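Biologist: I have the model open. Can we go through the side-chain contacts together?

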Amino acid sequence: ALPDIGKPKWIYLSSLGPHAKDLHFEIIEYMKTHTDVKLAFQPGTFQLEWKNEIAELYKYVNVLCVNKEEAEELLNMEGAEIKKLLDGLGSMGPKIAIITDGHNGAFIKNEDKYFNMPIYPDIAKPFERTGAGDAFFSTLISFLAKGNDLEYALMRAPINSMNVVQYVGAQEG
């Protein structure tokens, strides 16, 4: 069982290694009895591999973020249009589905509304794109957790991505 984590407002679940599969089932059980806790989920390689095994987790996700290739893999819909991918992700359970698509920015479905948030203009030529999606999503969730609305959070998230791509790795910037 999960250790006593108190009563957080949000849980941010991201990429974990193969040893952490059971944690996902513990989070599912936790979410069943903590319906006021919001779950942000950005699946990694192993979580995408376990898509059928952890399918129930998506029912408890408030905000899901994947890149376009991950959405296609998760839904077995290679080459599908963004709107169909967003609808597919939404049908899995998340209240808000986000697909990042490099230079095309981020595409969002919130209930029956669709948004596109372009990338923030680069201050210089990007050095490396590693971590851009992580920076986007962590910033978005930070602003939501502080009580800001989705539109405001979406305006802030690309700024962090722009800064991260100016450096090597996913943390600096």
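Biologist: Asp36 to start with: buried, partly exposed or exposed?
Modeller: Asp36 is partly exposed, with 46% relative accessible area. Buried means under 20% relative accessible area and exposed over 50%, with partly exposed in between (1.4 Å probe, protein chains only). This is a predicted model, so local features need pLDDT of at least 70 and side-chain atom pairs count only at pLDDT 80 or more, while totals for chains, interfaces and linings use all residues. Residues are numbered from 1 along each chain as its sequence is written, and side-chain values use heavy atoms, leaving out hydrogens and water.

Biologist: Which side chain does Asp36 meet in a salt bridge?
Modeller: That of Lys7, at 3.2 Å from N to O. A salt bridge here is a side-chain nitrogen of Lys or Arg within 4 Å of a carboxyl oxygen of Asp or Glu. Lys7 lies in the segment before β1 (10–13) and Asp36 in the loop between α1 (21–33) and β2 (38–41), so the pair ties together parts 29 residues apart in sequence. Helices (H or I, at least four residues) and strands (E, at least two) are DSSP runs, numbered from the N terminus.

Biologist: And Lys7, buried or exposed?
Modeller: Lys7 is exposed, at 60% relative accessibility.

Biologist: How many salt bridges by this rule?
Modeller: The count is 6. Among them is Lys68 with Glu72, where the closest N and O atoms are 3.7 Å apart. Both residues lie in helix α3 (residues 68–75), 4 residues apart, which is about one turn of the helix. Glu72 is buried, with a relative accessible area of 13%.

Biologist: What about Asp87 and Lys109?
Modeller: Their side chains meet in a salt bridge at 2.8 Å, N to O. Asp87 is in helix α4 (residues 82–91) and Lys109 in strand β5 (residues 106–110), so this pair ties together parts 22 residues apart in sequence. Lys109 is buried at 14% relative accessibility, whereas Asp87 is partly exposed at 30%.

Biologist: Which residues are linked in a network of salt bridges?
Modeller: Glu29, Lys32 and Glu56.

Biologist: Changing topic. How many residues has the largest nonpolar core?
Modeller: It has 28 residues, and those with the most contacts inside it include Met31, Phe41, Leu64 and Ile99. The elements giving two or more residues to this core are β1, α1, β2, β3 (63–67), α3, α4 and β4 (96–100). A nonpolar core is a set of buried Ala, Val, Leu, Ile, Met, Phe, Trp, Tyr and Cys residues joined through side-chain atoms within 4.5 Å.

Biologist: What does Leu64 touch?
Modeller: Not counting residues up to four places away in sequence, its contacts (heavy atoms within 4.5 Å) include Phe41, Tyr58, Leu89, Ile96 and Phe137. There is also a second, separate core of 18 residues, which includes Cys65, Ala106, Leu144 and Leu150.

Biologist: Now the rings. How many aromatic pairs?
Modeller: The structure holds 4. In one of them, Phe143 and Tyr152 have ring centres 5.7 Å apart and planes at 65°, so the pair is edge-to-face. Rings of Phe, Tyr and Trp (its six-membered ring) pair if their centres lie within 6.5 Å; planes under 30 degrees apart count as stacked, over 60 as edge-to-face and the rest as tilted. Phe143 is partly exposed at 24%, and Tyr152 is partly exposed at 29%.

Biologist: Which ring does the charged end of Lys83 sit over?
Modeller: The ring of Tyr114, 4.8 Å from its centre. The rule asks for NZ of Lys or CZ of Arg within 6 Å of the ring centre and within 35 degrees of the ring normal.
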